[in-house]
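I opened this model to look up a few local features. My entries follow in the order I made them.

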Amino acid sequence: MDSDLVFSTGQGTKQVTVWQESISCLRKYFDRMTGEGIYMHTIEIHTETVQTGGGHSSKGNQMKWLQDGWWYKADAFGYESLAETVVSTLLERSGIRNFVQYEPVMIQYRDRKNRGCRSRNFLKETEELVPLERMSRIFSGFGLAQELSRISVCKERILYTEELVRNVTGIRDFGEYLTKMLEIDAFFLNEDRHTNNIALLHDIKEKTWRLCPIFDMGLSLFSDTKEDYPLKNEFAKCREKIKAKPFSADFDEQLDVAEELYGTFLHFDFPGSNIERILTDALWQSAEDDGCLPDRGKNAKESLETLCGEYSAEELQRVVEVLRYQAGKYLYFF
């Protein structure tokens with residue numbers, strides 16, 4: 001990778017310096033997390049109940065477990081756990097608060113150890129998670145994906161969905177919630193926002209509804225290196241291939257329509273040109289708060305090639321490249 005990355009946006013050409021030190025620090029953070037007994041804890045799964053997709057991923061086959069109040073997900077297509085961690089870490093520095101926080105772990109299940117991540121179970125004891133696909137099927141007899149396929153205009157698809165939620169649940173600010181979700185998806189290039197990955201929380205006992213924390217960002221940042229975005233593919237080729245969901249295949253079309261209808265909500269509290277440094281510092285601080293890492297000291301510029309760990313230098317380099325490009329494209333989020 002060149003020492004400078006130049007890309008064009010609608011507001012002119014912006015040059016962002018590639019900080020080799022930042023990438024190195026980010027790499028070493030994950031190296032130490034995956035070290036034996038240091039930070040990326042190895043969790044042994046005792047439950048035999050394994051969920052594999054179940055409609056909650058357009059690609060399916062990702063193993064998931066609920067154990068001791070935590071949801072665990074194993075990587076299936078590439079570096080999904082890295083994507084989940086990066087997205088939620090950066091959202092901590094935004095004005096959006098209703099999202100799931102992920103942290104990386106090693107998952108020991110039977111005789112296999114997998115990279116993965118975990119998040120706290122956000123359901124209350126009397127609550128159930130109701131995807132919009134299921135809600136639509138109960139309300140109209142048809143799944144939401146099928147209903148949206150009958151509508152040709154993106155704006156009308158969004159309005160139909162907002163009206164469905166308002167009529168069924170009484171929630172009045174779903175449009176704003178949906179806009180935040182589409183802003184996050186556009187910025188982090190989440191290709192998996194199908195109608196089972198938009199959900200609400202229903203209290204069975206109280207008969208009430210509330211907005212669900214935004215979840216499942218694993219297929220962001222071109223994390224599917226197994227099938228769609230091999231690490232050998234250049235960034236531009238990945239950008240050409242990716243498609244959005246669920247209202248349009250174009251991230252910007254559904255984003256622009258939603259913001260026109262409900263406003264703009266995503267705003268990070270740091271300059272876009274500092275995004276990799278902010279990410280690195282946030283991850284290091286998280287580890288240091290747990291007393292798991294020594295001070296970085298003089299090791300910040302150690303070569304990427306000499307470091308080892310569960311996430312490769314190529315994976316981390318791609319994540320940083322995507323973040324830099326998106327920060328330049330969506331300048332108004334900063």
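Where is the place of P246? I worked on a predicted model throughout. I found P246 in the loop between helix 7 and helix 8. A cis peptide bond joins K245 to P246, and I read omega as about -5 degrees.

I then looked up D250, which lies in the loop between helix 7 (235-241) and helix 8 (251-262). D250 gathers with E253, D256 and E260 in a patch of negative charge on the surface. I noted a relative accessible area of 38% for D250.

Next I checked backbone angles. L189 is a residue other than glycine with a positive phi, near 55 degrees. I placed L189 in the loop between helix 6 (174-188) and strand 10 (199-203). Its relative accessible area is 7%, so L189 is buried, the cut-off being under 20%.

L221 is not a glycine either, and I read a positive phi of about 55 degrees for L221. L221 sits in the loop between strand 11 (208-211) and helix 7. Is L221 buried or exposed? I found L221 buried, at 0% relative accessibility.

My last entry is on helix 10, residues 313-329. I checked its length: at 1.5 Å a residue, the 17 residues should span 24 Å. The end C-alpha atoms of helix 10 are 24 Å apart, which agrees. I also looked up burial: 13 of the 17 residues of helix 10 are buried, so helix 10 is largely enclosed by the rest of the structure.

Terms used:
Residues numbered from 1 in each chain as written. Predicted model: local features only at pLDDT ≥ 70, side-chain atom pairs only at ≥ 80, totals over all residues. Heavy atoms only, no water. Patch = residues over 30% accessible without salt bridge, like charges linked within 9 Å, V, L, I, M, F, W, Y side chains within 5 Å. Areas by Shrake-Rupley, 256 points an atom, 1.4 Å probe, with all protein chains shown as cover. Salt bridge = Lys/Arg side-chain N within 4 Å of Asp/Glu carboxyl O. Lys, Arg positive; Asp, Glu negative; His and termini not counted. Charge placed at Lys NZ, Arg CZ, Asp CG, Glu CD. Helix = DSSP H or I, 4+ residues; strand = E, 2+ residues; numbered from the N terminus. Buried < 20%, exposed > 50% of the residue type's maximum accessible area, 1.4 Å probe, protein only. Expected span 1.5 Å × (residues − 1).
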